[in-house]
Amino acid sequence: DVQCDWSSDVCSSDLNFPVVQKAFSQLPKAHKWAVISLASIVLILALFPSDRASASRNTEAALLEIGKRYELPISTEHLSTDNQSELSDELEWKTFQVKRGDTLAKIFARAGLSARDTYNVSSAGDLAKKLLKIRPGQLVSLQLDEHGEFAGLEYAYSNTETLLIKPNEAGKLVSSVDKKTVDTRLNYAQGEINSSFWNAGVKAHLSESQIMSLAAIFGWDIDFALEIRQGDNFNVVFEEKYIDGEFVEYGDIVSAEFTNGGNTFTAIRYSDGNYYTPEGRSMRKSFLRAPVSFKYISSSFTKRRFHPVQKRWKAHRGVDYAANRGTPVMAAGDGKVIRSSYDKYNGNHVFIQHGEKYVTKYLHFTKRKVKVGQTVKQGDIIGTVGSTGLASGPHLHYEFLVDGVHRNPRTVSLPKALPIDKKERSAFELVAKEQLELLSNSKRIMLAMN
């Protein structure tokens, strides 16, 4: 402690520093005050330690640089399962687009994963078998841990379903499917034909698939290649599917009307997936009008025609549908193949028996797809268009026989398919009433808009 007698300008200290005392006593009065003030300031500062005084004494910490970021190893052993899951969700995901010829093994190889990883993932339950059906353009997302090892997979195989494969608490890979909720809404469209049915469908904002579906629904009653006329019109109610408020795809046509040549046909879709008239009669007939997608009719059914190869007049007991070589030909109805052969007149040909009364014949195939004795269903592919035998170009010669007599396939009265089951009639009538009201309302709305 320093004690001063201000009257005599002399200070003393408990410490015995004679030299310091003598030097201090010889200072002028103003200097003495300066020294005392400086000493007081130093003393005050010594009583309050700086921030650096609290610094860690750890040797490694002392070597850290200010402003530089460092990664610290974190142990997850003490974390709960939920916390470990949160850490897993933060791991890196890599998304791969499936290319032509890709397999799961090739995609894993591009991700730096091993053949063992591929085997383990593809063996993660029955759901994992969906990975065998990946298609070009689809996306497969892989999650890798900090060591580049497999940690998870996501594969959206449809607009609503995603396959998930991840290790469980025991480290075993398990698979599951995440299904999104689909909101189905109804929409409608109308069109009038000025040039072609296709153009009218496009103008009505129907998709390509919807236009084809509409033609298929009424295809047993209307020949869309030859019978469509200017002024014909259609009215359609169809489904639209949404996920989280966003449109994903079109659903089924639920009801439709088509007016052709003044005759109106109405179709109602029931829960069995088939279409019926409002009275419950099936829209589907026992036979297709035309068993092939054709460009035009090159020769019609006639009693007298000049044969382009034989160069003579003779009856033409069928219809020739000109089409590209290789175009698939369908069985016109359910039946049994009674002939599948080749000769120099008919070329590759197939005959089908439909019950006791009807026989259909298909001539000039490039290839036959069925054998004698085989049972076929309506729409099954039985061959492809060609020009074998006496044919001047690729086409299908199609014959329709009733009790052994040739009839014109385009005009013959086709037998009806079975009506809706009696047990379902009451339920169907309620559906039909609702759908007819929707069709009527959509017409009124469109008239008001126009």
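Q: Which residues are buried in helix α8 (residues 208–218)?
A: This is a predicted model, in which local features need pLDDT of at least 70, side-chain atom pairs count only at pLDDT 80 or more, and totals for chains, interfaces and linings use all residues. Residues are numbered from 1 along each chain as its sequence is written, and side-chain values use heavy atoms, with hydrogens and water left out. Helices (H or I, at least four residues) and strands (E, at least two) are DSSP runs numbered from the N terminus, while buried means under 20% relative accessible area, exposed over 50% and partly exposed in between (1.4 Å probe, protein chains only). In α8 the buried residues are Gln210, Ile211, Leu214, Ala215, Ile217 and Phe218.

Q: Within what arc do the buried residues of α8 fall, seen down its axis?
A: The arc is taken from the directions that run from the helix axis to the C-beta atoms. The buried residues line one face of α8, because they fall within an arc of 160°.

Q: Which exposed residues does the face of α8 turned away from its buried side carry?
A: The buried side of α8 is covered by parts that include α7 (197–203), β9 (233–243), β10 (246–260), β11 (263–269) and β12 (275–276). The face turned away from that side carries the exposed residues Glu208, Ser209 and Met212.

Q: Which strands stand at the edges of the open sheet of 5 strands?
A: The strand order is β8-β9-β10-β11-β12, with antiparallel pairing; two strands pair if DSSP finds at least two bridges between them. Two of these strands have a single partner strand each, so one side of each is left without a neighbour in the sheet. Those at the edges are β8 (183–192) and β12.

Q: Which residue in β12 is the bridge partner of Ile268?
A: β11 and β12 run antiparallel and are joined by 2 bridges. The bridge partner of Ile268 in β12 is Tyr276.

Q: How many residues apart in sequence are the parts that the pair of Phe197 and Phe234 ties together?
A: Rings of Phe, Tyr and Trp (its six-membered ring) pair if their centres lie within 6.5 Å; planes under 30 degrees apart count as stacked, over 60 as edge-to-face and the rest as tilted. By this rule there are 15 aromatic pairs. Phe197 and Phe234 form an edge-to-face one, at 5.9 Å centre to centre with 85° between the planes. Phe197 lies in helix α7 and Phe234 in strand β9, so the sequence separation of the parts tied together is 37 residues.

Q: Which residues do ring pairs link into a cluster with Phe197?
A: Phe197 is buried, with a relative accessible area of 9%, and Phe234 is buried at 1%. Ring pairs link Phe197 into a cluster with Phe218, Phe234 and Phe258.

Q: What is the relative accessible area of Phe247?
A: The rings of Tyr242 and Phe247 form an edge-to-face pair, because their centres are 5.7 Å apart and their planes are at 70°. Tyr242 is buried, with a relative accessible area of 14%. Phe247 is partly exposed, with a value of 39%.

Q: Which residue in β23 is the bridge partner of Leu363?
A: Strand β16 (residues 319–322) runs antiparallel to β23 and is joined to it by 4 bridges, with Ala322 opposite His395. Strand β20 (residues 358–368) pairs with β23 in the antiparallel sense over 6 bridges. The bridge partner of Leu363 in β23 is His397.

Q: Which residue takes a positive phi in the hairpin of β23 and β24?
A: β23 pairs with strand β24 (residues 405–407) in the antiparallel sense over 3 bridges, and Val402 stands opposite Val405. The hairpin has 2 residues between the strands. The positive phi, near 55°, belongs to Asp403.

Key
Contact means heavy atoms within 4.5 Å.
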